[in-house]
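Good morning, colleagues. Please turn to the screen.

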Amino acid sequence: MRADCNRARRLAARPRRLYTARVLSSLKVRHFRCFDAFEAEFAPGANFIVGPNARGKTSVLEAACILLRLQSPRVTRLAHVIQHERRGLVVDGYFGVRHMQFYLSRERKKLALDEVEQKTAREYLEIARLVYFGNRDIEIVHGSGEGRRRFLDFVAAQLDGAYRKTLRDYERALRSRNLLLKSATTRWREIAAFDEPLLAAGVRVAEGRGRLIRELQEPVNAAHAAISSAREKLRLEYVPGGGEDFAATLVVARKDDARLRQTTAGPHRDDVAFSLNGLSSDIASEGQQRTLVLALKLGAARLLEQHFGTPPLLLLDDIFGELDLARRAALLAALPTGAQQIITTTHLDWAPPDSAARVLRL
Ligand SMILES: Nc1ncnc2c1ncn2[C@@H]1O[C@H](COP(=O)(O)OP(=O)(O)OP(=O)(O)O)[C@@H](O)[C@H]1O
Ligand SMILES: [Mg+2]
């Protein structure tokens, strides 16, 4: 009886248009960036969010990303996303038939799935997969290694539910070890106590990233061939920050660790090297770098589709404006068929006519 009442209440709370397919059908936010309150409904195929600058287009995509993956594509610290002078934010929406809710304040966060509060994010994060395309993505190619690690981690956590916790364990051990290295006297016996958890988690993080790079190679190459007229061979290579043998590297690095007062070896120094026909991407032209980064994102989408049997949600933030006509058309053709897409743009004039596309004006 009680279960029936709860179910009835849940059904009454559902939005008018609920898709049983695995798509984001509705999104509501409160005290999120520039929005006091905002809500939208999305269709299964293409959805356009159109509006002038600073109207909140990127913020809507960011809200979708935080709702579904508990991570922002723009910032590491989620507290930045809370509206100024507000205590906390809420994002709420339906993905397929699942009702997802996330509350965040500076002091705490709360997660709920179908109105049941979740103690951990494990089941919550099993629900939806997505790939975010933004105009700052080029930094993945020519920026610091941090951007490349963030890209890998975002995809790896979607492929393997345990990856996120392993990464957190690694970061916790690293923080503690670094804190000790910063103290006035270097106490190696205490520092060594953190080597074990650091190594245990670090080896698994490195395995996860190495495996992902190998798995990405083929779909990224296919995507690169589809969107680039040139026939260059694109290669991805994992450069482990812990060397071939992290345990041995950590021992050798002790001298540097003591001198620089921080852990100098490990997956927090991992990197990915890209090459086109054997030449480093550092010397690639701007256009080649843009194509490379699009291929990476498309390859990640293809890999997620191969893995789960359905394409991920694609969030495309204002990227078409920067592409020439040929690359725009090639990218549109290369997007996984059947994927739900939410596309932001300041002008719709470039968009292909598609009567089924939903247009939302801000
Ligand atoms: N924490 C915050 N609290 C209040 N407002 C914020 C916060 N963070 C960002 N904003 C504001 O939100 C507005 C919308 O930003 P957003 O990046 O979503 O716009 P946009 O429509 O994507 O713009 P553009 O077309 O220039 O990319 C901006 O004016 C920004 O200053
Ligand atoms: Mg924007």
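The shell around ligand 1 divides into 3 nonpolar, 8 polar and 4 charged residues; here Ala, Val, Leu, Ile, Met, Phe, Trp, Tyr, Cys and Pro count as nonpolar, Asp, Glu, Lys and Arg as charged, and the others, Gly among them, as polar. Of these 15 residues, Cys34, Asn53, Lys57, Thr58 and Ser59 come nearest, a residue being near a molecule if its C-beta atom, placed from the backbone, lies within 6 Å of it.

A word on the source: this is a predicted model, in which local features need pLDDT of at least 70 and side-chain atom pairs count only at pLDDT 80 or more, while totals for chains, interfaces and linings use all residues. Residues are numbered from 1 along each chain as its sequence is written, with chains lettered from A and ligands numbered from 1 in the order in which they are written.

The chain is divided into domain 1 (1-129 + 314-362) and domain 2 (138-311), with bounds from an automatic or database domain assignment. How many residues of domain 1 are in contact with domain 2? There are 14, facing 15 residues of domain 2; contact requires C-beta atoms, placed from the backbone, within 7 Å. On the domain 1 side, H11 supplies the largest share, 4 residues; helices are DSSP runs (H or I, at least four residues), numbered from the N terminus. That side of domain 1 comprises 7 nonpolar, 2 polar and 5 charged residues.

Key
Two residues are in contact if their C-beta atoms, placed from the backbone, lie within 7 Å. Helices (H or I, at least four residues) and strands (E, at least two) are DSSP runs, numbered from the N terminus.
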